[in-house]
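I will jot down where the partners sit and how open they are.

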Amino acid sequence: DKGIHKIFEELGSSLLYHQPENPLKYILEELKRIKKCKEEKTQSSFFSDKDLCTLYGIMDKEKGGEISRQKVISALKQIGVDNPESVPEGMYKLSDFTRLAKIELSKN
């Protein structure tokens, strides 16, 4: 299937998250970006650092500066990571979460 299912899943998540005014234009731009990343062999995650930071903030409702492994797993599932259960035990700061999320997203 060459990852088509995964692309559509991530596009759908990205559309719901960003809610662009022109969804068709947004999808076309994202597909162009994915193609360019594939040609350049770079990471093609739909989620920017700002997006990951926002997601972390949502998970850190108490604003304590750290989130649990369970919240990390939940957040990773929300952005389409297939098997986040392999996340090590512990508490995660924003920098830890974004690093881990980028690694996990690059595996998909």
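I started with Arg 69, which comes out buried in this predicted model. Its relative accessible area is 18%, and the cut-off for buried is under 20%, so Arg 69 gets that label.

Next I looked up the partner of Arg 69. Arg 69 makes a salt bridge with Glu 89, with 3.7 Å between the closest N and O atoms. I placed Arg 69 in helix 4 (residues 69-78) and Glu 89 in the loop between helix 4 and strand 2 (91-92), so this pair ties together parts 20 residues apart in sequence. Is Glu 89 buried or exposed? I find Glu 89 exposed, at 66% relative accessibility.

Then I turned to Lys 102. Lys 102 pairs with Asp 49 in a salt bridge, and their closest N and O atoms are 2.5 Å apart. This one links distant parts of the chain: Lys 102 belongs to helix 5 (residues 94-107) and Asp 49 to helix 3 (residues 49-59), 53 residues apart. I noted Lys 102 as partly exposed at 32% relative accessibility, and Asp 49 as partly exposed too, with a relative accessible area of 46%.

I stayed with helix 5 for one more pair. Arg 99 forms a salt bridge with Asp 96, the closest N and O atoms lying 3.0 Å apart. Both are in helix 5, three residues apart, so about one helical turn separates them. Asp 96 is partly exposed, at 22% relative accessibility.

Last, I checked the tally: how many salt bridges are there? The count comes to five, including Arg 69 with Glu 89.

Definitions and conventions:
Residues numbered from 1 in each chain as written. Predicted model: local features only at pLDDT ≥ 70, side-chain atom pairs only at ≥ 80, totals over all residues. Heavy atoms only, no water. Salt bridge = Lys/Arg side-chain N within 4 Å of Asp/Glu carboxyl O. Helix = DSSP H or I, 4+ residues; strand = E, 2+ residues; numbered from the N terminus. Buried < 20%, exposed > 50% of the residue type's maximum accessible area, 1.4 Å probe, protein only.
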